[in-house]
Amino acid sequence: MQGRRIIIVGGGGNAERKAGRLIQYGARVDVIAEQLSPTMQSCIEDNQLTHIARAWQADDFKGATLVVAASDERQSDAEVGAAAEAAGCWVNVANQPQLSNFLIPSLVDRSPILVAITSSGTSPVLARLLTARIDAFLPHSYSELGKLAERYRDQIRQKIGNWRQRRRFWEQLLNGRIGELILQGRTQNTDQVLEQAIQDYDGDSEAQGEVYLVGAGPGDPDLLSFRALRLMQQCDVVLYDRLVSEPVMSLVNQQAEKIYVGKQRSDHAVPQESINQLLVTHAKRGKRVLRLKGGDPFIFGRGGEEIETLASESVPFQVVPGITAAAGCASYAGIPLTHRDHAQSCLFVTGHLKDNSVDLDWPALTRAQQTVVIYMGLAGLPFICEQLIKHGLPSTHPIAIVSQGTLSNQQVITGTLSTLASLVESEAVKAPTLIIVGEVVTLRDKLAWFETRH
Ligand code: SAH
């Protein structure tokens with residue numbers, strides 16, 4: 001568009017929107033209209049537009065490249081369109097795609113990377129909503145990645161003559177470590193890393209693999225982080241277990257090899273040692289290995305053990321936090337974990353039953369003004385309630401159990417230390433379940449929101 005004459009006929013809302021986009025494209029625009037909206041007026045003052053304050057004439061379009069008819073008046077727009085087309089211009093008539101021979105898409109700008117979106121004139125609102133979504137989803141750092149590619153394009157073309165090999169090199173670069181560094185905002189020495197990669201390239205070397213230890217959250221896929229989703233979509237192999245919900249799994253790269261390493265409570269399907277080893281083996285073969293975990297990998301997730309092995313084997317890895325079950329279930333159940341009137345602290349403990357008993361610091365769990373969240377506590381629930389009473393909590397102390405938290409079939413049962421165990425038994429509650437103990441449970445009566453929306 002640079003150096004060309006571009007004309008908008010009209011000075012109201014339609015013209016304003018079209019002008020906004022054309023300015024975004026770097027165009028210099030003449031606006032022909034007797035009157036301008038205040039926004040258009042301010043664009044003139046900012047020198048982004050030139051105003052020709054009169055009605056249009058057919059010879060206005062001579063020598064123009066693009067003409068946009070956007071007067072908010074259909075008949076007049078159609079006439080402008082016909083006159084401009086007769087003058088040999090490209091024509092865009094607002095809201096009349098059948099009279100237009102070009103469209104002005106909205107733009108998500110990560111220059112030099114651009115995403116253009118159009119509804120082909122059928123629904124500007126839908127196009128705008130989609131633009132906003134893509135804009136929110138696409139990290140701004142893609143711009144840096146684009147610029148880096150621009151800087152090294154020639155050098156890489158010279159170094160790797162074969163286009164197939166060159167394409168593989170680029171894929172590994174952009175999808176691999178360097179792409180990741182930039183998307184994480186760690187841009188300080190990417191040029192150095194890239195130059196090293198170019199120098200080291202010897203035609204058939206294996207790519208360096210990496211492990212992504214990713215928290216998948218409690219179940220609702222909307223609770224994934226942007227980074228989690230990005231890594232899920234670029235992995236070659238995924239190791240997952242029972243806690244990762246189906247809707248989350250469906251977002252993993254369809255082409256990735258899927259390995260189930262789930263454990264049942266008493267039946268360890270794949271021993272931890274073997275999982276650690278699988279991660280190392282795949283990464284050393286140059287694969288991008290996704291280790292997907294329910295909730296947060298560092299909260300009762302053995303994430304620490306897995307990356308310890310990676311660290312000692314010098315396999316690169318990164319850890320992505322997830323929303324832990326306590327946070328997810330509490331929010332979706334309407335039970336704030338802390339509250340100025342009820343709880344100043346919150347404990348996360350595991351209620352895993354071993355030899356019919358749960359080994360916990362009971363006096364610490366029965367302190368006043370505190371919420372206790374118990375993971376893996378379903379089987380031990382009767383024992384846990386009994387111990388809490390034995391160590392000083394009243395039998396009327398509130399307690400809740402959240403089953404399949406944050407998923408559409410979430411179920412919450414509230415009761416007291418003396419009633420909950422039998423309520424749970426009669427309701428045939430489904431795993432996974434989380435137990436919340438404390439006065440905050442009573443707030444659910446007022447604050448429940450999730451179930452009532454269905
Ligand atoms: N790393 C996970 C916890 C793993 S331990 C996290 O941060 O959430 C497994 C326990 O987490 C389950 O036994 C259950 O107590 C709890 N849990 C995980 N997801 C849950 C969900 N959607 N609803 C209820 N409890 C859940």
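**Helix packing, cysteines and one tryptophan**

Helix α1, covering residues 13–24, packs against helix α2, residues 38–45, at an angle of about 30° and with the two axes 9 Å apart. That makes α1 roughly parallel to α2, a label given to angles under 35 degrees, while angles over 145 count as roughly antiparallel, 65 to 115 as roughly perpendicular and the rest as oblique. This is a predicted model, in which local features need pLDDT of at least 70 and side-chain atom pairs count only at pLDDT 80 or more, whereas totals for chains, interfaces and linings use all residues. Residues are numbered from 1 along each chain as its sequence is written, and side-chain values use heavy atoms, with hydrogens and water left out.

**Helix pairs**

- Helices (H or I, at least four residues) and strands (E, at least two) are DSSP runs numbered from the N terminus, and axes are lines fitted to C-alpha atoms, for helices over the stretch in contact, with angles from 0 to 180 degrees between N-to-C directions.
- The crossing of α1 and α2 is left-handed, meaning that the near helix is turned anticlockwise from the far one by less than a right angle, whereas clockwise would be right-handed.
- In α1, the residues A15, E16, A19 and I23 meet T39, M40 and C43 of α2, where contact means heavy atoms within 4.5 Å.
- The residues of this contact of α1 with α2 divide into five nonpolar, one polar and one charged; Ala, Val, Leu, Ile, Met, Phe, Trp, Tyr, Cys and Pro count as nonpolar, Asp, Glu, Lys and Arg as charged, and the others, Gly among them, as polar.
- Helix α5 (residues 142–159) and helix α6 (residues 163–175) pack at about 150°, with their axes 12 Å apart, which makes α5 roughly antiparallel to α6.
- The crossing of α5 and α6 is right-handed, and its contact joins L145, A149, R153, I156 and R157 of α5 to R166, F169, W170, L173 and L174 of α6.

**Cysteines**

- Searching the whole structure gives zero disulfides, a disulfide being a pair of cysteine sulfur atoms within 2.5 Å.
- C329 is in no disulfide, and the nearest cysteine sulfur, that of C346, is 12 Å away.
- C329 is buried at 5% relative accessible area, where buried means under 20%, exposed over 50% and partly exposed in between (1.4 Å probe, protein chains only).

**Tryptophan 449**

- W449, found in the segment after α17 (444–447), is partly exposed, with a relative accessible area of 31%.
- Leaving aside neighbours within four places in sequence, W449 is in contact with S331, Y332 and G334.
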